[in-house]
Amino acid sequence: MPLSLAQLRRNYTLYGLRDDGEQDDPLVLFGQWLSQARKTEAPPAEANSMALATVDSEGYAHCRILLLKGFSAEGFVFFGNYQSAKGEELASNPHAAMTFFWPGLERQVRIEGAVERLDPALSDAYFLDRPAASQLGAWASPQSQPLTHRSELEGLLREVTERFAGQQPPRPEHWGGYCLQPRASSSGKAAPTACMTASTTACETAPGSAHGWRPDEVPPSRNRPCARCGAG
């Protein structure tokens, strides 16, 4: 008989939360872990893939997988259709959370904060670097809008292909970048047993602190009983 989902488990023992040389600055730490993940996350996995969670105007949460396209002290950058469900949710509630999970490292990073549209010039520059098919798709795809048949989308793609034949498509106004400006970040390693809370470093903006962040170390709860099974 196949195992039930409740019986599926493994121990996570690869890395500690921090290695020697890793930084307290969450941005530097993220860059280090992302660099490591690019070596461990083999295709088809992508080290810069992330789950992005948003909340709509009625308070319902939505989540999808996107690709991170840049990060700096200014924030974390991703791109998409402003008229999509994601775009409408960010327009009504400009806050989001993103989670990166790297199984090969047994690590994850969560980032929360306010989201703003990227400067149009930066969106233009990124759009020009996209493959031609992706540029045309940004014009053709009515994201999050119902279609009666796939042939409708294929027809729209033919139209924009003919429209921009022999020329560089400009970035459509309904498509561009976003920048999530982090308010809180946590970096965690999977715990060795199911009844242990993963080690996590949480950082919140704090006036007057170094780099504008206040690190808080949250250790595994070795002596606290598991809320679910009672083991301690």
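A residue is called buried when its relative accessible area is under 20%, exposed when over 50%, and partly exposed in between (1.4 Å probe, protein chains only). This is a predicted model, in which local features need pLDDT of at least 70 and side-chain atom pairs count only at pLDDT 80 or more, while totals for chains, interfaces and linings use all residues. Residues are numbered from 1 along each chain as its sequence is written, and side-chain values use heavy atoms, with hydrogens and water left out.

**View 1. Phe30 and Phe76 are both buried.** Rings of Phe, Tyr and Trp (its six-membered ring) pair if their centres lie within 6.5 Å; planes under 30 degrees apart are stacked, over 60 edge-to-face, and the rest tilted. The count by this rule is 13 aromatic pairs. One of them joins Phe30 and Phe76 edge-to-face, at 5.2 Å centre to centre with 85° between the planes. Phe30 belongs to helix 1 (residues 26-40) and Phe76 to strand 4 (residues 75-81), 46 residues apart. Here helices (H or I, at least four residues) and strands (E, at least two) are DSSP runs, numbered from the N terminus.

**View 2. Phe71 and Phe76 form a stacked pair.** Their ring centres are 5.9 Å apart and their planes meet at 15°. Phe71 is partly exposed at 32% relative accessibility, whereas Phe76 is buried at 5%. Ring pairs link Phe30, Phe71, Phe76, Phe100 and Trp102 into a cluster.

**View 3. Met98 is buried in strand 5.** Which residues does Met98 contact, leaving aside neighbours within four places in sequence? With contact meaning heavy atoms within 4.5 Å, its partners include Met50, Phe76, Ile111 and Leu180. The relative accessibility of Met98 is 0%, and its strand covers residues 95-102.

**View 4. Glu112 forms salt bridges with Arg110 and Arg183.** Side chains of opposite charge can pair when their charged atoms come close. A salt bridge is a side-chain nitrogen of Lys or Arg within 4 Å of a carboxyl oxygen of Asp or Glu. The N to O distance is 3.7 Å for Arg110 and 2.9 Å for Arg183. Glu112 lies in strand 6 (residues 107-117) and Arg183 in strand 7 (residues 175-189), 71 residues apart. Shared partners join Arg110, Glu112 and Arg183 into one network.

**View 5. Asp124 and Arg171 meet in a salt bridge.** Their N to O distance is 2.6 Å. Asp124 is in helix 3 (residues 120-129) and Arg171 in the loop between helix 5 (150-163) and strand 7, so the pair ties together parts 47 residues apart in sequence.
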